[in-house]
Amino acid sequence: MRFMMIVKASEDSEKGVMPPEQMLSDMNKYNEELVKAGVLLEADGLTPTKEGARVQFSGSKRTVIDGPFAESKELIAGYWIIQAKSLDEAVEWAKKAPNPHGDGATTNIEIRRIFELEDFAPSKAIDQARELGRELTKKK
Amino acid sequence: MADADVRRTIDAVWGIESARLIAGIARIVRDVGVAEELVNDAFVAALEQWPSTGIPDRPAAWLMATAKHRAIDRLRRSQRIDEKRISLKDDVEAGAGEVDASLDQDIRDDMLRLVFVACHPVLSLDSRVALTLRLVGGLTTEEIAGAFLVPETTIAQRIVRAKRTLSEARVPFEAPRGAELEARLPAVLEVIYLIFNEGYSATAGDDWVRPELCNDALRLGRIVAELVPQESEAHGLVALMEIQASRFKARVGSSGEPVLLLDQDRSRWDRLLVRRGLAALDRAERLGGALGPYALQAAIAACHARALTGADTDWRRIVALYDALAQLAPSPIVDLNRAVAVGMAFGPQAGLAIADSLTGERTLSTYYLLPSVRGHFFSELGRFSEARTEYARAASLTKNVRERELLLKRAAECGRDAEAETPRSTA
């Protein structure tokens with residue numbers, strides 16, 4: 001099973017403030033631990049929402065809203081994708097992470113299982129999704 | 001806290017931490033069997049205490065400290081304390097029981113020792129596989145038994161016997177160095193690849209792939225590659241497994257039937273694993289020197305991974321890579337694969353010539369893929385009745401139920417084509 005461990009944004013991350021040296025080194029150490037345990041598949045950080053945008057859907061109308069966005073605690077600042085046998089294992093890995101916003105901060109790392117194709121019952125939509133994937137592969 | 005919640009947490013902690021705990025304790029007691037017992041005891045203690053005390057912030061550190069105390073008690077009881085061990089005890093009491101506080105280098109060394117002891121040549125291959133999954137992979141005997149479709153008692157006995165063998169042979173808790181490491185690494189990689197293959201192509205039973213076992217092998221491979229980052233073959237094996245694993249979903253059809261490589265829907269290949277596989281292969285290649293057997297096989301798998309459609313496959317490069325592989329690790333199986341590649345690059349007649357030259361190989365006499373490959377070439381050449389005979393023979397040799405169905409279907413198709421052909425040829 002694969003899980004995404006999602007780091008939420010903070011005021012500082014939204015301002016584009018680089019984390020202190022100690023935090024970076026703790027994070028590196030944690031990432032290394034994941035690599036050495038053979039479970040880290042991918043990890044990335046996201047730039048602040050001032051460099052992003054939202055496309056808002058209202059019925060058939062689309063409106064583009066440029067960043068930055070408020071409610072920083074609900075925004076995503078980065079993620080890991082790990083291989084684990086169960087949600088419990090993923091939770092134990094997340095507990096080992098350094099506090100993403102420093103020891104004094106209150107935040108959470110959200111853990112979500114990544115869908116596998118097997119999770120879906122066979123249906124026309126799934127077949128179409130596969131067909132589209134096939135087309136995209138050809139065009140690349 | 002509810003006992004059930006603690007139990008779940010403890011199982012999860014075992015899964016992610018047991019290998020490093022066992023490795024760390026084995027450094028003190030110098031016996032992996034004893035180390036595993038002590039770590040097990042620490043988990044039992046956790047199961048007793050955590051429901052009332054709550055789960056510690058750092059469960060691994062708690063478990064390590066508990067297991068270390070038990071290790072030292074045990075040494076004291078067996079009256080084998082020397083000064084070195086007393087100083088270890090001081091370490092523990094000074095608070096160095098924190099696993100996080102241990103030097104990274106120590107953990108790395110301990111893990112390396114654990115891997116090499118679990119794959120020690122004094123053990124049978126079956127024992128090495130079971131012990132590696134148990135000690136390094138953190139699997140329970142139940143999980144291992146389930147993966148290999150054997151009774152749990154069989155695996156339990158195998159592990160007990162393996163530990164006894166190590167103990168009786170006085171195998172030191174040491175990792176080989178330098179040239180000896182190079183010499184013993186292939187045995188470690190062999191165990192991991194065997195686990196992967198057991199999952200990838202179930203040799204018996206109805207399952208075509210048991211992905212969980214492949215994931216365990218991948219995890220073990222990545223662990224070993226990080227322990228010996230200078231070894232190109234370790235990265236080669238990881239690359240090979242990542243790329244092969246990327247095809248899991250494409251490899252099985254909607255009703256559970258196997259789908260062969262060239263018929264696979266490539267949009268279902270797992271891009272993340274392909275990317276990881278190519279990156280691992282790149283690492284192996286950048287280490288310089290001639291590629292070893294795993295890296296060569298990974299390079300072949302990469303040729304398929306890079307081709308957007310089956311028709312884009314660079315078969316000539318694949319033939320060249322198989323030539324290199326046949327030089328390095330000559331085997332009839334490699335020749336058989338080379339025959340397939342030659343058939344694709346230079347036509348079925350050329351491929352059939354190589355396959356035909358292998359019919360006298362004793363090691364292939366009961367191997368279903370030889371008649372299967374010859375059946376394919378015969379059918380390409382329009383020699384349907386010979387094709388039917390070969391497919392039927394292949395079907396009688398495979399133990400995999402799904403594979404047998406596929407081969408019988410092909411035999412039947414060739415049979416129909418052969419009959420359709422008869423009136424034409426006599427007319």
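In this predicted model, the axes of helix H6 (residues 125-136) of chain B and helix H9 of chain B come within 10 Å and cross at roughly 85°. Axes here are lines fitted to C-alpha atoms, for helices over the stretch in contact, and angles run from 0 to 180 degrees between N-to-C directions. On the H6(B) side, the contact is made by Arg128(B), Val129(B), Thr132(B) and Leu133(B), and on the H9(B) side by Val191(B), Leu194(B) and Ile195(B). Two residues are in contact if their C-beta atoms, placed from the backbone, lie within 7 Å. By class, the residues of this contact divide into five nonpolar, one polar and one charged. Ala, Val, Leu, Ile, Met, Phe, Trp, Tyr, Cys and Pro count as nonpolar, Asp, Glu, Lys and Arg as charged, and the others, Gly among them, as polar.

Residues are numbered from 1 along each chain as its sequence is written, while chains are lettered from A and ligands numbered from 1 in the order in which they are written. Because the model is predicted, local features need pLDDT of at least 70 and side-chain atom pairs count only at pLDDT 80 or more, whereas totals for chains, interfaces and linings use all residues.

Leaving out residues up to four places away in sequence, Ile192(B) touches Ala217(B), Leu220(B), Gly221(B), Val224(B) and Leu237(B). Ile192(B) is also one of the residues that touch the most other members of the largest nonpolar core, which has 135 residues. A nonpolar core is a set of buried Ala, Val, Leu, Ile, Met, Phe, Trp, Tyr and Cys residues joined through C-beta atoms within 7 Å. The largest share of this core, 13 residues, comes from helix H1 (residues 3-29) of chain B. In soluble globular proteins, nonpolar side chains tend to be buried together.

## The two chains

Helices (H or I, at least four residues) and strands (E, at least two) are DSSP runs, numbered from the N terminus. A residue is buried if 20 or more other C-beta atoms lie within 10 Å of its own, exposed if 12 or fewer, and partly exposed in between, with C-beta atoms placed from the backbone.

| Item | Chain A | Chain B |
|---|---|---|
| Helices and strands | four helices, six strands | 19 helices, zero strands |
| Buried | 16% of 140 residues | 45% of 427 residues |

Along chain A, the elements run β-α-α-β-β-β-β-α-β-α from the N terminus on. The C-alpha atoms of chain B fill a box of roughly 95 × 50 × 40 Å, taken along the principal axes.

Where do the chains meet? In total, 24 residues of chain A are in contact with 23 residues of chain B. On chain A, two or more residues of this side come from each of helix H2 (21-36), strand S2 (40-45), helix H3 (87-96) and helix H4 (124-139). H4(A) gives the largest share, six residues. This side of chain A divides into nine nonpolar, five polar and ten charged residues.

## Backbone details

Most residues other than glycine have a negative phi, and most peptide bonds are trans. Arg30(B), however, has a positive phi near 60° and sits in the loop between H1 and helix H2 (32-53) of chain B. Arg30(B) is partly exposed, with 17 other C-beta atoms within 10 Å. Arg170(B) has a positive phi near 50°, and its place is the loop between helix H8 (152-168) and H9 of chain B. With 9 C-beta neighbours inside 10 Å, Arg170(B) counts as exposed. In chain A, a cis peptide bond with omega of about 0° joins Gly67(A) and Pro68(A).
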